[in-house]
Amino acid sequence: MHLCTGVVLGGAVALLGRLGVSRPWLPRLVTWWHRRLGRCLGISVVYRGVAAPGALLAVNHVSWLDIPMLGGAAPVSFVSKAEVRSWPVVGWLAELADTLFLRRGAHEANSIATQIAARLQMGCRVAIFPEGTTSDGRALLPFHARLFAAAAAVSGAPVQPVAIRYGWGRQPDAVAPFIGDDSLLAHLTRVLRHPELGATVSFLPPLTANGLSRRELAAAVRTAIAAELNCLPLDGDAGQTLRPKASGAAASA
């Protein structure tokens, strides 16, 4: 039902865009849609801290659920893999929501970084998933640094680490991760059958890129998220044991 609501609203948004009508309310509408999706899925969300305005949000990546969890907190644009644009309905809605689509390769990453920088200069928030794929939530995969160049290109632009954790117990919830050979439908079914799923989204103190290379900035963000999640950063081949699966929100660089 909520997807149908999105289609109806998306049709109206697209029509107004074709007519040249200004849509300053669109970011708030997208935030409402994400928040309502979380409620429809039965997920209880706790937000700690606030999303900094005009910030590059660097987020650990566990599941496609990260999108509505983060998007329900504040207006934010996401960087997604290019394949999502061709997905039925979902790709169309993502495009209407101002998603940036990333093709694999260094040249494309540089182009997307330029587009991110332009949005940061306008005071918009942009979220990236530096791991480039999902993990099981117990550890952090290596962070790709190229997209952090967007913050370095904008003087004073904050880079805010964001930590997402699923579950209320000492160990992360095992239902939330979208990894391996899992299918979206099978995963969605498990989420709907798990009414006690909880999520905590922690907006950590922002960093500034001044004087830091993109690799140093990526390392600082990764350290902050690992400390918040109290998890182990994995490097090299160690991360392969998690059998990660790229989701629609993945943005490697």
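## A buried aromatic pair

In this predicted model, F129 counts as buried, since its relative accessibility is 0%. The phenylalanine F78 is buried as well, with a relative accessible area of 7%. One aromatic pair is found in the structure, and its members are F78 and F129, whose ring centres lie 6.4 Å apart and whose planes meet at 5 degrees, so that the pair is classed as stacked. The stacked class applies because planes under 30 degrees apart are counted in that way, and the angle of 5 degrees for F78 and F129 falls under that cut-off.

## The chain as a whole

The secondary structure of the protein chain comes to eight helices and 10 strands. Of the 253 residues in the protein chain, 50% are buried, and the accessible surface of the chain comes to about 12000 Å², with 57% of that area belonging to carbon and sulfur atoms. When contacts between residues at least 6 apart in sequence are considered, 77% of them join residues at least 24 apart.

## Helix α2 and its two faces

Helix α2 is made up of 15 residues, 26-40, which at 1.5 Å a residue should span 21 Å, and the distance of 21 Å between its end C-alpha atoms agrees with that expectation. The buried residues in α2 are L26, V30, T31, W33, H34, L37 and G38. Seen down the helix axis, the buried residues of α2 fall within an arc of 160 degrees, and they therefore line one face of the helix. An α-helix has 3.6 residues a turn, so residues three or four places apart point the same way. On the face of α2 turned away from the buried side are the exposed residues R28 and R39.

Within α2, the tryptophan W33 counts as buried at 18% relative accessibility, a value that falls under the 20% cut-off for that class. The C-alpha atoms of W33 and P68 are 8.2 Å apart in space, although the two residues are 35 apart in sequence. Just after α2, G42 takes a positive phi of about 75 degrees.

## Helix α8 and the residue that follows

For α8, the 16 residues should span 22 Å at 1.5 Å a residue, and its end C-alpha atoms are 23 Å apart, which agrees. Its buried residues are L217, A218, V221, R222, I225, A226 and L229. Viewed down the axis of α8, these buried residues fall within an arc of 165 degrees, so they line one face of the helix, while the face turned away from the buried side carries the exposed residues T223 and A227.

After α8 comes N230, whose phi is positive, near 55 degrees, even though N230 is not a glycine. This asparagine lies in the loop between α8 (214-229) and β10 (232-233), and with a relative accessibility of 72% N230 counts as exposed.

How many disulfides does the structure hold? The number is zero, where a disulfide would be a covalent bond between the sulfur atoms of two cysteines.

Another pairing across the sequence involves A152, which lies in helix α6, residues 149-152. At 46% relative accessibility, A152 counts as partly exposed, and its C-alpha atom is separated by 5.3 Å from that of A209, a residue 57 places away along the chain.

Technical notes. Residues numbered from 1 in each chain as written. Predicted model: local features only at pLDDT ≥ 70, side-chain atom pairs only at ≥ 80, totals over all residues. Heavy atoms only, no water. Helix = DSSP H or I, 4+ residues; strand = E, 2+ residues; numbered from the N terminus. Buried < 20%, exposed > 50% of the residue type's maximum accessible area, 1.4 Å probe, protein only. Phe/Tyr/Trp six-rings, centres within 6.5 Å; stacked < 30°, edge-to-face > 60°. Expected span 1.5 Å × (residues − 1). Arc of directions from axis to C-beta. Disulfide = S-S within 2.5 Å. Contact = heavy atoms within 4.5 Å. Areas by Shrake-Rupley, 256 points an atom, 1.4 Å probe, with all protein chains shown as cover.
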